[in-house]
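Hello,

Here is the structure for your files. My notes on what was found in it follow below.

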Amino acid sequence: MVISIALILFLLGIFGIIVINSKQYFDYLKEQLTVEVFFKEVLDQRDMGKEVAMHKNYISGIQKHKFIKKVQYISKENAAVIAKRELAIATDDIFEENIFPASAEITLKSEFVNPKTVDSIKTILRNSPIVEDVVNDNELMTSVYRNISKITMWIIGFSILLLLIVIVLINNSIRLRIFSKRFLIKTMRLVGARRRFIIMPFVKTSAWLGFFGALLAILALTGCWYYFTQYINAPFVNNQYLLLLLVLIVTGIGIAVLSTALSTWNFLKLKTDELYTD
């Protein structure tokens, strides 16, 4: 019984790890879709020295917003270097060094990366006299967001299906165990034992079986997860993984206890002659 529960919960844990890592990967993809703020050119020579200071003040101001994860300032000189690298140009003769405006490359937090929210964020970022324009690749962002949403829905659907399969399998295993004790259950009832008195020992035993099954599943899952994290140089312990372990324990104990209580109760309601045909 314990081995059966452990194997079922182990499969559930494997899928849980897939779900956790897929979410982290989706968050990583979203955070690659940056928004870029281009600053206006300062025409008055007397204000040239204040230009960088104004840009830095603007960046300090927008970093207070909850949707900002990171801001990288790109000066005119750095913009020219990036342009040369992207265009594979090794000389300064083709264009002047300062023809590219200074800008700020903004990385948004993953939960704010969706077409409607980004449009609102761009409006907020434009609300400054030193900002010339705020741009991002809307088409790419929309495409990535839609694909991630579709994949997420499929993952949620498979998670629900797998959870139902786990419930059915554990429930059937528990029912077989209770079925083998049906005559003992009925005998206790016939001699006057209360239903609670009859059910509680089975429930406690099933709770321990569910706990030990979950513990075995966790040990096997932790070994696989440790090997995997060492292979990809990822952190071994994180909040999502600890939550998954808690879910496995609660699932193992909860399903075992509920199935035992329901199965025992059903056998208590049966008549004596029905015990032979159930």
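Leaving out neighbours within four places in sequence, Phe-39 is in contact (heavy atoms within 4.5 Å) with His-55, Tyr-58, Tyr-73, Pro-101, Ala-102, Ser-103, Ala-104, Ile-130, Val-131 and Glu-132. This is a predicted model: local features need pLDDT of at least 70, side-chain atom pairs count only at pLDDT 80 or more, and totals for chains, interfaces and linings use all residues. Residues are numbered from 1 along each chain as its sequence is written, and side-chain values use heavy atoms, with hydrogens and water left out.

A nonpolar core here is a set of buried Ala, Val, Leu, Ile, Met, Phe, Trp, Tyr and Cys residues joined through side-chain atoms within 4.5 Å. Buried means under 20% relative accessible area, exposed over 50%, and partly exposed in between (1.4 Å probe, protein chains only). The largest such core has 28 residues, of which Val-37, Phe-39, Tyr-58, Ile-106, Leu-108 and Leu-125 touch the most other members. Elements that each supply at least two of its residues include β1 (35–39), β3 (103–108) and α5. The largest share, four residues, comes from α5. A second, separate core of 26 residues includes Phe-10, Ile-20, Phe-202 and Trp-225.

Helices are DSSP runs of H or I, at least four residues, and strands are runs of E, at least two, numbered from the N terminus. Among the buried residues of α5 are Met-141, Ile-148, Ile-155 and Arg-177. Ser-149 lies in α5 (residues 138–179) and counts as partly exposed because its relative accessibility is 29%. Ser-149 and Phe-26 are 123 residues apart in sequence and 9.7 Å apart in space, C-alpha to C-alpha.

Regards
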